[in-house]
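Please look through the sequence and the model before reading on.

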Amino acid sequence: MALFGKPKYTIVRLKKREIPDGLWTKCEECSGVLYNKTLEENLRVCPKCNYHFVLGAYERISTLIDKDTFLEYDKDMQSVDPLDFEGPKTYKQKLSQDQEATGLKDAAVAGEGLLDNKKVAIAVTDSRFIMGSMGSVVGEKITRAIENATQNKLPMIIVSGSGGGARMYEGMFSLMQMAKTCAALAYHHLQKVPYISVLTDPTMAGVMASFAGVGDVIIAEPRALIGFTGPRVIEQTIRQKLPAGFQRSEFLLEHGLIDMIVHRKNLKSSLSQLLDYLG
Ligand SMILES: [Zn+2]
């Protein structure tokens, strides 16, 4: 037997590197790969490019309201289907699908709590639920929160994340919510307590054209898409090319539609300062 025989090789097939699902997220803006834990610790803001990811309604509340002080109103309010709407999917199917996906009953969460020890009423829309669109439930929850704030002279904060505007599945019933929420805010205004509107990516259409657009102070997160109609429809209507960055927070600040752009990590402290100043 030769001392140095032909070496024997074993072929080792390397398994494709397995990355468990749910550990990493790719940034939608800079395509950076982010460790989910880091992303959560950074309030779901990309540490590389500052892209503000969508936050769910309860996550948002936990970033703004002092721990264990949030009291939710009307948690189980659910939509009916007044038009018996049928499309590629029925309204009932859409509702149950998004209820399952988000754990919410509808696209808004409303209640009261302490913000830096100051009592406030707060409502948040969640863009993951039928694009955060406003149907009867969103409108009613927000209106009740405002009415409660009016009665108790509490500042009102509404954080909007609504790409969908008024919810077409409910036809006129959804359009009525625009007037209803704004009427409630008009009464709230008579009490001389502030209403602060916070716009997040995206805030569009019937939501922007109602309660989100009428804050005493209007704050937006950086680079949020904010507007009424999409740019393509506007270009077709006015037959003009729109400027770059149109409908982003920075453009709208420069043109006076909003008052401040605040990074998510400073949002609570900015709201707290505003409440001191306006209260
Ligand atoms: Zn990024």
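Where is the place of Gly165? Gly165 sits in the loop between β6 and α5 (172–190). The model is predicted: local features need pLDDT of at least 70, side-chain atom pairs count only at pLDDT 80 or more, and totals for chains, interfaces and linings use all residues. Residues are numbered from 1 along each chain as its sequence is written, and side-chain values use heavy atoms, with hydrogens and water left out.

**The chain overall**

- The chain has 9 helices and 10 strands; helices (H or I, at least four residues) and strands (E, at least two) are DSSP runs, numbered from the N terminus.
- Along the principal axes, the C-alpha atoms fill a box of roughly 100 × 45 × 45 Å.
- Of the 279 residues, 47% count as buried, where buried means under 20% relative accessible area, exposed over 50%, and partly exposed in between (1.4 Å probe, protein chains only).
- Of the contacts (heavy atoms within 4.5 Å) between residues at least 6 apart in sequence, 67% join residues at least 24 apart.

- The structure holds 1 cavity of 30 Å³ or more. A cavity is a set of points, on a 1 Å grid over the protein atoms alone, where a 1.4 Å probe fits but cannot get out; lining residues have an atom within 4 Å of a point.
- The largest cavity has a volume of about 100 Å³, a volume being the space filled by probe spheres set on the points, which are joined across faces, edges and corners.
- Its lining consists of 16 residues, of which Val54, Leu55, Arg60, Gly161 and Thr200 lie nearest the centre of the largest cavity.
- The elements giving two or more residues to this lining are β5 (118–125), β6 (156–162) and β7 (195–204); the largest share, 3 residues, comes from β6.
- Arg60 belongs to helix α2 and is buried because its relative accessibility is 2%.
- Not counting residues up to four places away in sequence, Arg60 touches Leu55, Val124, Val159, Thr200, Glu221, Arg264 and Leu267.
- Arg60 and Asp126 are 66 residues apart along the chain, and their C-alpha atoms are separated by 9.3 Å.

**The surroundings of Gly165**

- Gly165 counts as buried because its relative accessibility is 0%.
- Beyond residues up to four places away in sequence, Gly165 touches Ser133, Met134, Met204, Ala205, Gly206 and Val207.
- From Gly165 to Thr229 the separation is 64 residues in sequence and 9.6 Å in space, C-alpha to C-alpha.

**Backbone features**

- Most residues other than glycine have a negative phi, and most peptide bonds are trans.
- A cis peptide bond, with omega about -5 degrees, joins Asp201 and Pro202; Pro202 lies in strand β7.
- Asn50 has a positive phi near 70 degrees and is placed in the loop between α1 (36–41) and α2 (57–64). Asn50 counts as partly exposed because its relative accessibility is 37%.
- Gln247 has a positive phi near 75 degrees and is found in the loop between α7 (231–238) and α8 (249–254). Gln247 is buried, since its relative accessible area is 4%.

Key
On a 1 Å grid over the protein atoms alone, a cavity is a set of points where a 1.4 Å probe fits but cannot get out, and a pocket is an open set with protein on both sides within 12 Å along at least five of seven lines; lining residues have an atom within 4 Å of a point.
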